[in-house]
Amino acid sequence: MLELSTWLGREAVAVDNPDGRGPFVLVCDHASNWVPASLKGLGLPLGELDRHIAWDPGALGLARRLSRLLDAPLVHATVSRLVLDVNRDPTHHGSVVTISEDTVIPGNHEIPAEDRSRRVQSIYEPYHRALAEVIEHGVARHSAPQIVSIHSFTPLYRKEQRPWHIGVLSGADRRLSQPLLELLRAGGEFHVGDNQPYAPTDGVYHTLDRHCASRGLRSVLLELRSDTIGDEESRGQWALRLSRSLRAIH
């Protein structure tokens with residue numbers, strides 16, 4: 001059951017297609033750039049919350065298309081990662097950032113311990129409870145559902161161009177990532193990163209580690225370059241490509 005936070009004024013997590021019958025569970029940690037009114041935009045100038053620092057543009061649209069094509073449940077956050085990043089352990093320095101890329105986040109400076117705890121209790125904990133429940137249902141149906149996390153990244157980061165169209169991220173368990181890498185690279189059409197532009201050592205694999213490692217579930221984190229999924233047509237093309245590849249592996 002989803003939990004309404006009176007402080008946020010909304011549930012911190014949403015589940016699309018909860019009764020999906022496919023063998024996959026989809027996750028979108030950075031789906032939203034929404035900040036509660038009480039935080040006054042975290043003190044940022046108008047328009048800053050539209051930037052990648054606040055969310056992963058295009059990721060939710062792609063994840064929803066994949067959810068329909070794969071008949072998969074999709075769990076996604078409804079609050080900006082600048083308020084609290086659900087893909088970081090609450091004790092991690094990146095859980096509530098004071099600087100994102102080169103941007104200072106005034107509303108996150110010197111916040112009282114009780115305010116930080118409130119963010120964890122009303123955002124992080126309900127999010128991961130909801131995801132655990134969805135995975136439990138998936139295990140009941142398929143014994144070993146495969147968990148796929150959808151993210152996006154910027155084409156330019158600190159003045160450096162990023163050439164990858166998509167990054168396939170994984171930890172030590174490469175049962176899902178390795179065949180997916182091979183399929184996506186097969187035609188030579190795309191520059192596919194293997195643990196690029198990020199890797200689990202950067203802390204980006206927290207959600208999947210938390211929910212998959214102890215169960216022995218196969219998982220993969222997909223990072224799409226945001227300019228390649230910037231409109232409905234391109235998101236549709238990537239969704240078809242990825243759904244066919246994932247089905248072929250399964």
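I take contact to mean heavy atoms within 4.5 Å. With that in hand, I looked up Ser243: leaving aside its neighbours within four places in sequence, Ser243 is in contact with Leu66, Leu69 and Leu70.

A note on what I am reading. This is a predicted model, where local features need pLDDT of at least 70 and side-chain atom pairs count only at pLDDT 80 or more, while totals for chains, interfaces and linings use all residues. Residues are numbered from 1 along each chain as its sequence is written, and side-chain values use heavy atoms, with hydrogens and water left out.

Next I asked where Ser243 sits, and found it in helix H5, residues 232-249. Is Ser243 buried or exposed? I found Ser243 buried, at a relative accessible area of 2% (buried is under 20%, exposed over 50%, partly exposed in between, with a 1.4 Å probe and protein chains only).

Then I stepped back to the whole protein. I counted 5 helices and 13 strands (DSSP runs numbered from the N terminus: helices are H or I with at least four residues, strands E with at least two). The radius of gyration is 17 Å, close to the 18 Å from the globule rule for 250 residues, so the protein is as compact as a globular protein of that length (taken over C-alpha atoms; the rule is 2.2 Å times the number of residues to the power 0.38).

I also noted that 53% of the 250 residues count as buried. Last, I checked contacts between residues at least 6 apart in sequence: 80% of them join residues at least 24 apart.
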